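The sequence and the structure come before the details.

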Amino acid sequence: MAITRKLFSVVSVVLLAVLSLSACGDKDSAGDAPSSAVGGATTLTAANFAQALTDSQAKARSAHVTMAIGVAGQSIKATGDVAVGETPADSSLTMTMDMGSSIKLDMRLVDKVLYMNMGQMTQGKYLKIDLTDADNPFAKQYGQILDQMDPAKQMADLKDAVTSFEKKGAPQTIDGVEAQPYEVKVDTSKIKAFSDLPAEATAQFPKTLVYTLYVGSDKLMRRMEFEIAGSTSTIDYSKWGEPVDIKAPSADEVSDKDLGALMGSVPSV
């Protein structure tokens, strides 16, 4: 069975959705922000919310993620963990996605290398994509994931892309934490990671993407909701700061096959 461009695009959309407004902090962002940007009693604004969330996540270092994603008419269930390193290169994630139609995907991002196990499609082994390989078109495509794990690049994108930020309704209790919902509107044409996706993926993004973020008094995000092409997606974050163990697959679990050969074509980049 061939791995289709559509599946490739869905994976890109899901990964960017997880990372687009949940920056992983680097060693310079934790604890060094001005007092106006952080603190339990500080009012979040369009000017400080991205920095405040980045700093809090940098201090927490890890989170568990559960997702119900609607992409291109598909319903995707996913669960995983994110570990925040001192730099994007040190950060890692693991994600298991149930994409329906007997398609299950296991992903790991470790040391700038993305591993994808697509079950029977990949003979039960992980495909390996070195995201730093400039000669690999798939690395170029998925390399945007590293950009999204770099808070400096995220902050630069969001500075011009956010068109509005405001409270949206009363606080809700999520995972035992009282979280205030905020509505954030983003001009997707100003987010480079979105515009660089294949046409199959970019066609799914509206010009204005509206996120609802549920943030606790500790400035940690507990839930993110957004709608793409009529499908509402929900991402829950929990277990902030709990230990996680994310490792690359062993050598005998990694396939020697090329992703381009399995897909039958090279993605548009």
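The charged end of R223 sits over the ring of Y214, 6.0 Å from its centre (the term requires NZ of Lys or CZ of Arg within 6 Å of the ring centre and within 35 degrees of the ring normal). The model is predicted, with local features needing pLDDT of at least 70 and side-chain atom pairs counting only at pLDDT 80 or more, while totals for chains, interfaces and linings use all residues. Residues are numbered from 1 along each chain as its sequence is written, and side-chain values use heavy atoms, leaving out hydrogens and water.

| Salt bridge | Closest N to O |
|---|---|
| D218 and R222 | 2.7 Å |
| K207 and D187 | 3.5 Å |

R223 lies in strand β11 and D236 in strand β12, so their bridge ties together parts that are 13 residues apart in sequence (strands are DSSP runs of E, at least two residues, numbered from the N terminus). With a relative accessible area of 24%, D236 is partly exposed, whereas R222, at 7%, counts as buried (buried means under 20% relative accessible area, exposed over 50%, and partly exposed in between, with a 1.4 Å probe and protein chains only).

Technical notes. Salt bridge = Lys/Arg side-chain N within 4 Å of Asp/Glu carboxyl O. Helix = DSSP H or I, 4+ residues; strand = E, 2+ residues; numbered from the N terminus.
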